[in-house]
Amino acid sequence: MRVAVVGAVLMVSGCAREPAQEPSREPSWQDAAEESRGRSTSLGELPLVPGLSVAGTFAQKLERPTALGETTAVHVKLPPPANRQLSDSLVRVAGDPARPSVLFHSDTLARLGAIPASPGPDFFTLFARLPDSEVERRQENERRLASGELGPTSRESILFNGRHPVARYEGLPVNAAAFGWGEHVPVTSCPLLPASTQSQWERTLMIRDPAVVLDPARTWDPCTGAGTKGGVWTFAHLMRQMAQGSGARPEAFVLSWLSLWLNDFQSNGDTVPARRKMYDEVIAPWAAASGATSSLRLNPATTRWEVVLSRPLDLDIAPFRLLAIVNRIDLASSWDHADRQTDPGELRFLFGLTRPSPWGGGTEATCNLRPFTVIFEYGVPGEGCAQVVAWARQWALLGNIPSFNVAYKAQLTQMTQSVVLRGRAPGKGNDNALNQIRTNEAALAFPWELREFRLVDEHPVSGKDKPSDGLLRVHTMARTPDDATHDSEVDPDIDFFVRTQVKNGVELPVTVPTRCTANFTVPRKVRGRPFLGANSLVAKPTHWEGFSVDATDAAEVCARKEFSLNTCNGCHFKDTGTNDFSGMDNVAFTHVSPTSGIPARLSRFLTGGGPGFMYLVPDAQFGAQVASWPYADLQRRHQRLQELANCTLCGWVRGLDTGSLARMEALAGSVPLDVPPGAPEPALTVGPIRDVGVVKQLLELRQDFTAQPREVPLDFLQPPAALVH
């Protein structure tokens, strides 16, 4: 069972803001920077809790397989449903809304004789096929960790509630004998995990060492002209692979993408003004270095600005310098992608813009690093738990190589090429694994602006993506409102959405700041008005507020934080304290700095202040007097990577398809489907099932379910810590 309360319950009184005193002035982003100053403190200060208290999943071997061949009862401590009318339902339909799973109240199953025993009244049970070889693999991994074969280890793990470290605990070994006897076996982290160190982070999560990002055989440095043009980790290589199948040459593909800044565009009712300095800052200098003449002209036929070049851009000398290769396996099985099954998360390449003078042959001092990052975010090909574990093990093995030597770089090359080459993702746009490209810049104008681009057609009403070959297209921002029409502090739609939809998705009970997560989606419209934005400005706004959120209501404080933190604005400013650094001009509004040189500096939201530390950020709306939110994201990512590589049990679970849900509705009169707040309403009658007789009938009906079983981690119903950023 998860720890329910760690730390003090929110107790707030008299926290209303005082009226502004005359003379007043409009707050600036510098004021917001001062207000969100955080501090680092030791993770060792967190309370130590028993390992059994954090187990939210138990496995229990059945005396005999079910009619569907399932061998194991998987007991899950589900959070209270967002739909409160389902709170006493004896059946829950949960998980990925596209392929949900049916779970039965464990106490009820025990009374019906369907399972030997229930782990408790708060648990629900589903059935899985868990091969004995999975338990044996977990035990072998525990042995290897204990032997020191995989390097230094730590007995303590950090309990994260969402992205927040809240306690320390020791993981539990898997007792194969007890499992064979039919006892409840807790599924938690291993009793030992590879130690979380700076070198582990640098080799397995956020690779930014000069030996890699300036590797002369695989990268090309536009600052100095050193390296291999078109190397496998260059901007040119990634774009060449992406352009194949688009119908355009790579040079034209890239110019088309850069030209998207030259004209206003609109998506979901959000009109985004052009930033024509893209021509002055990027296109024209690049064209000149390519030996081309260039001009910017207004096409009278289309009334749109266009670039005219005497010859194509030389892709090999693109002014984008590699800053980091990033492993985001923590995004595996993200609920934000309902059209995908269990997948290995994302692989990211992060570049910074330069304007060297002269072009090539310069130095770090003359490189003229620009406040402009470009992130290629690829969905790692692969489906199913075994693929996730295999990808995790590849990264974990990289961490065992003691330096960035020939073997390390050869293995990393094989891994990255397996993702970025054309044809690795059949069915996606241009058969390329790209999920999206995101940019974050103030080089073209102030304030900082984030944009997103995909190889999909976005439906103008539903927003549903359809993979499509061709050029990169503008896409609405993930979970981020239109900041041009929604005021970040006094907008009624923001206030309504936070205090109803997001609040309904907050997992209860809430303890601020140690227990606060929410499951929700952000729709294209709220109360009939366009909501999602097509770009995101940072520093204006610095975060999102609900103007009538009650500072003494823990659920509302949590909902406000969860909503704002998962927007681009909040994630890149006040909700993460991303501005809180010495030398702020080098790191503001980014988590990986494009202007600090190589290796690029990281935000303390990521590092926590270093291994063993967490970073406390005052609540963006109410300040530290209400809550300071702790972060140590690289610690979290390290732990998740090692859990997947060493401690995950994979089983086969049969989900529900549309036909199965319809049969359930016909039998019970309703379906206890708990969709995330903000998601479209299902085309079914949603309601609880309280009749034990109906539960028995549904158990018998399971053998007629037509959905194919899918391979998932046994803890797949635990909400993800990270959503999109």
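This is a predicted model: local features need pLDDT of at least 70, side-chain atom pairs count only at pLDDT 80 or more; totals for chains, interfaces and linings use all residues.

**Helix 3**

I started with the length of helix 3, residues 132-147. Its 16 residues should span 22 Å at 1.5 Å a residue, and the end C-alpha atoms lie 23 Å apart, so the two agree. Next I listed its buried residues: Glu134, Val135, Arg138, Asn141, Glu142, Arg144 and Leu145. I then checked what these buried residues pack against; among the partners are helix 4 (176-180), helix 10 (385-399) and helix 16 (633-646). Strand 7 (153-154), strand 11 (193-194) and strand 30 (650-654) are also partners. Just past the helix, I noted Gly148 with a positive phi of about 85 degrees.

**Salt bridges**

I got a count of 46 salt bridges. I looked at three of them one by one.

Asp88 pairs with Arg690 at 2.7 Å, N to O. The two sit 602 residues apart: Asp88 is in the loop between strand 3 and strand 4, Arg690 in the loop between helix 17 and helix 18. Asp88 has 40% relative accessibility, so I logged it as partly exposed.

Lys561 and Glu562 form a salt bridge, with their closest N and O atoms 2.5 Å apart. Both residues are buried.

Arg640 meets Asp715 at 3.9 Å, N to O, in a salt bridge. Arg640 belongs to helix 16, and Asp715 lies 75 residues away in the segment after strand 31. Is Asp715 buried or exposed? At 19% relative accessibility, Asp715 counts as buried, because the cut-off is under 20%.

How values were computed
Residues are numbered from 1 along each chain as its sequence is written. Side-chain values use heavy atoms; hydrogens and water are left out. Helices (H or I, at least four residues) and strands (E, at least two) are DSSP runs, numbered from the N terminus. The expected span of a helix is 1.5 Å times one less than its number of residues. Buried means under 20% relative accessible area, exposed over 50%, partly exposed in between (1.4 Å probe, protein chains only). Contact means heavy atoms within 4.5 Å. A salt bridge is a side-chain nitrogen of Lys or Arg within 4 Å of a carboxyl oxygen of Asp or Glu.
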